[in-house]
Amino acid sequence: MIYTALGDSITFGENASSWAKAYPQLTVSALNSDSRKVRGVVLARSGWSSDDLLDAVIWRGASAIALSSVVSVWIGGVDLANAALASFTTKQPLAVKHLIAGYRRNVNAILTRIKKGSRARIVCCTQYNPFPNTPLAVEAIGQLNRMITELAHRCDATVAPTHTWFEGKQAELVHGFRNGKVEDALSGSLPIHPNDRGHRVIATGLAPFLIARK
């Protein structure tokens, strides 16, 4: 069984203390057993938006995806962060409609590519909110997650409700968590990635979604 994890810095393992403690590796370890051999492939980079992931799926990921039994897609945090920081810099309202429209187009194209290029089952991960004390972030991430759910259902993909695993526990699970406000991201370091405990929570939650239902 080949499991391919598509994503951005979270999937790439940013802020995990080692590559082995990032959720894709932990998930593969959890899935491996006497009766099941799983190999993991990661197509992710820090800073990738949904635009970047779509490019990677088209130009670099086709062969790995074609051989995969299951593919997870976790993207959108960078799209949202870029829009939020642009809003702060320009003192303009967060362009949520524009953000959602571009995100919908890219994720729909990613899922369509996976469906056309493979027989893999698809698991779409929702976005957790690293800024639970910023109402605008709550609203924007809520819209993003409704979009993920809608697109997943349309493509007959499964939704892994990652946001529920972090809800109310961000201070324990997010690396560098401070006040849970978007302003925390303006000080240089971005307190948005899972710490080692957060990656473990993701792997524990995600593993059952990757196993084929009988």
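In this predicted model, helix α2 packs against helix α10 through Y23, L26, T27, A30 and L31 of α2, which meet H199, R200, I202, A203, L206, A207 and L210 of α10. The axes of these two helices approach within 8 Å and cross at roughly 50°, an angle that makes α2 oblique to α10. Helix α6 takes part in two further pairings, one with α3 and one with α7.

- Helix α2 spans residues 23–31, and its buried residues are Y23, P24, Q25, T27, V28 and L31.
- The cover over these buried residues includes strand β1, helix α1, strand β2 (39–44), strand β3 (70–74) and helix α10 (196–210).
- The crossing in which α2 passes α10 is right-handed.

- Y3 belongs to strand β1 (residues 2–7), and its relative accessible area of 1% makes it buried, since the cut-off is under 20%.
- Beyond residues up to four places away in sequence, Y3 touches Y23, P24, T27, V28, V38, R39, G40, V41, V70, S72, L206 and L210.
- Y3 and V42 are 39 residues apart along the chain, and their C-alpha atoms are separated by 8.5 Å.
- T11 is placed in helix α1 (residues 9–12) and is buried, with a relative accessible area of 0%.
- With neighbours within four places in sequence set aside, the contacts of T11 are A5, L6, W19, Y23, P24, V42, A44 and W74.

**The loop residue G61**

- G61 sits in the loop that runs between α3 and α4 (62–67).
- The relative accessibility of G61 is 3%, so this residue counts as buried.
- Apart from neighbours within four places in sequence, G61 is in contact with L43 and A56.
- G61 and V41 lie 20 residues apart in sequence, with a C-alpha to C-alpha separation of 9.8 Å.

**Helix α6**

- The 22 residues of α6 should span 32 Å at 1.5 Å a residue, and the 31 Å between its end C-alpha atoms agrees with this.
- Buried in α6 are V96, L99, I100, G102, Y103, N106, V107, I110, L111 and I114.
- These residues cover an arc of only 170° around the axis, which puts them on the same side of α6.
- K97, H98, R105 and K116 are exposed on the other side of α6.
- An α-helix has 3.6 residues a turn, so residues three or four places apart point the same way.

**Packing of α3 against α6**

- Helix α3 (residues 50–59) and helix α6 (residues 96–117) have axes that come within 9 Å and cross at roughly 20°.
- The two helices, α3 and α6, are therefore roughly parallel to each other, and α3 passes α6 in a left-handed crossing.
- From α3, the contact is made by S50, D51, L53, L54, V57 and I58; from α6, by Y103, N106, A109, I110 and R113.

**Packing of α6 against α7**

- The axes of α6 and α7 come within 10 Å of each other, with a crossing angle of roughly 25°.
- Helices α6 and α7 are therefore roughly parallel to each other, and α6 passes α7 in a right-handed crossing.
- V96, I100, Y103, R104, V107, N108 and L111 of α6 meet A140, Q143, L144, M147, I148, E150, L151, A152 and R154 of α7.

**Helix α7**

- Helix α7 comprises 20 residues (135–154) and reaches 29 Å from its first C-alpha to its last, close to the 28 Å expected at 1.5 Å a residue.
- The buried set in α7 consists of A137, A140, I141, L144, N145, M147, I148, L151 and A152.
- Viewed down the axis of α7, these buried residues fall within an arc of 160°, so they line one face of the helix.
- The other side of α7 carries P135, R146, H153 and R154, which are exposed.
- D156, which follows α7, has a positive phi near 60°.

Technical notes
Residues are numbered from 1 along each chain as its sequence is written. This is a predicted model: local features need pLDDT of at least 70, side-chain atom pairs count only at pLDDT 80 or more; totals for chains, interfaces and linings use all residues. Side-chain values use heavy atoms; hydrogens and water are left out. Helices (H or I, at least four residues) and strands (E, at least two) are DSSP runs, numbered from the N terminus. The expected span of a helix is 1.5 Å times one less than its number of residues. Buried means under 20% relative accessible area, exposed over 50%, partly exposed in between (1.4 Å probe, protein chains only). The arc is that of the directions from the helix axis to the C-beta atoms. Axes are lines fitted to C-alpha atoms, for helices over the stretch in contact, and angles run from 0 to 180 degrees between N-to-C directions. Angles under 35 degrees count as roughly parallel, over 145 as roughly antiparallel, 65 to 115 as roughly perpendicular and the rest as oblique. A crossing is left-handed if the near helix is turned anticlockwise from the far one by less than a right angle, and right-handed if clockwise. Contact means heavy atoms within 4.5 Å.
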